[in-house]
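The sequence and the structure are shown first.

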Amino acid sequence: MAFTTANIITTKLINLEFIHLMIPAGILIYPLVFVLTSVMTEAYGERVAQRTLIIGICFNLFFLFTVMLVAYLPSPPGYMGDKHLRFVFGAAPRFFVAGIAGYFAGNLVNAHLTAIVAQRSGGSDSSLKNLFAIAVGILVDIIVFIGVSYIGIIPVGTIAYMVFNYWIINIVWIIIAKPLVSWTLRWAKS
């Protein structure tokens, strides 16, 4: 669900001029995907996390098909929403391809590194190591996502700047959110 939501709101760009930063609005929710993947891997294992990733991709594909169908079905005379609906969902196929490629690559790296950390830590507190796994997974995801989305459209230097800023914002977001998600999972299991 977080993945689909992020893909919808990514059509909106946030311009933080005071720090010279323009980023897709998906940053507001997308890091949750990595936090959930990491927590699921810790709790249920790498295979369950990977299956959940595949289900997320299938759900997003179904969503994309549905919204594209709705956006291009004829509307009654006088309906004014088609232009806006097509604007929001017209970029969906491009973001979907970029998002799937990044999501798949980044989350598989994250799940694999989290499993390695869990195996090697022997049950000891591995929060910092898990943060490393998430950070690497996110970096892979961002490089793929922004690369597929914008290569050939904006200069490579701007892409690199976007990748770095997007990555830093994700890391801060995760440092704040991961303890909350982990606590919620522990609470739900008790």
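The largest nonpolar core of this predicted model comprises 35 residues, and those with the most contacts inside it are Y30, Y103, I146, Y166 and I174. A nonpolar core is here a set of buried Ala, Val, Leu, Ile, Met, Phe, Trp, Tyr and Cys residues joined through side-chain atoms within 4.5 Å. Buried means under 20% relative accessible area, exposed means over 50%, and partly exposed lies in between, with a 1.4 Å probe and protein chains only. At least two residues of this core come from each of α1 (2–9), β2 (21–24), α2 (31–44), α3, α5 (92–121), α6 (127–150) and α7 (156–189). Helix α6 gives the most, with seven residues. Helices (H or I, at least four residues) and strands (E, at least two) are DSSP runs, numbered from the N terminus. In soluble globular proteins, nonpolar side chains tend to be buried together.

Residues are numbered from 1 along each chain as its sequence is written. Since the model is predicted, local features need pLDDT of at least 70 and side-chain atom pairs count only at pLDDT 80 or more, while totals for chains, interfaces and linings use all residues; side-chain values use heavy atoms, with hydrogens and water left out.

Y30, one of the core residues with the most contacts, touches F3, A6, Y103, N107, D141 and Y166, not counting residues up to four places away in sequence. Contact means heavy atoms within 4.5 Å.

**Helix pairs involving α3**

Axes are lines fitted to C-alpha atoms, for helices over the stretch in contact, and angles run from 0 to 180 degrees between N-to-C directions.

| Helix pair | Axes come within | Crossing angle |
|---|---|---|
| α1 and α3 | 9 Å | roughly 40° |
| α2 and α3 | 7 Å | roughly 140° |
| α3 (residues 46–72) and α4 (residues 82–90) | 9 Å | roughly 155° |

Angles under 35 degrees count as roughly parallel, over 145 as roughly antiparallel, 65 to 115 as roughly perpendicular and the rest as oblique. A crossing is left-handed if the near helix is turned anticlockwise from the far one by less than a right angle, and right-handed if clockwise. For classes of residue, Ala, Val, Leu, Ile, Met, Phe, Trp, Tyr, Cys and Pro count as nonpolar, Asp, Glu, Lys and Arg as charged, and the others, Gly among them, as polar.

With axes crossing at roughly 40°, α1 is oblique to α3, and the crossing is right-handed. In this contact, F3, T4, N7 and I8 of α1 meet G56, F59, N60 and F63 of α3. The residues of the α1 and α3 contact divide into four nonpolar, four polar and no charged.

Helices α2 and α3 are likewise oblique to each other, and they too cross in the right-handed sense. T37, M40, T41 and Y44 of α2 make the contact with E46, V48, A49, T52 and L53 of α3. By class, the contact of α2 with α3 has five nonpolar residues, three polar and one charged.

Helices α3 and α4 are roughly antiparallel to each other, and α3 passes α4 in a left-handed crossing. On the α3 side, the contact is made by F63, V67, M68, V70, A71 and Y72, and on the α4 side by D82, L85, R86 and F89. The contact of α3 with α4 has eight nonpolar, no polar and two charged residues.

**Individual residues**

N60 lies in helix α3 and counts as buried because its relative accessibility is 2%. I176, in helix α7, counts as exposed at 56% relative accessibility. I176 and N60 are 116 residues apart in sequence and 26 Å apart in space, C-alpha to C-alpha.

L180 is also placed in helix α7 and is exposed at 57% relative accessibility. Between L180 and V35 there are 9.8 Å in space, C-alpha to C-alpha, and the two are 145 residues apart in sequence.

A135 is found in helix α6 and is buried, with a relative accessible area of 14%. Leaving aside neighbours within four places in sequence, A135 is in contact with W167 and I171. A135 and P179 are 15 Å apart in space, C-alpha to C-alpha, and 44 residues apart in sequence.
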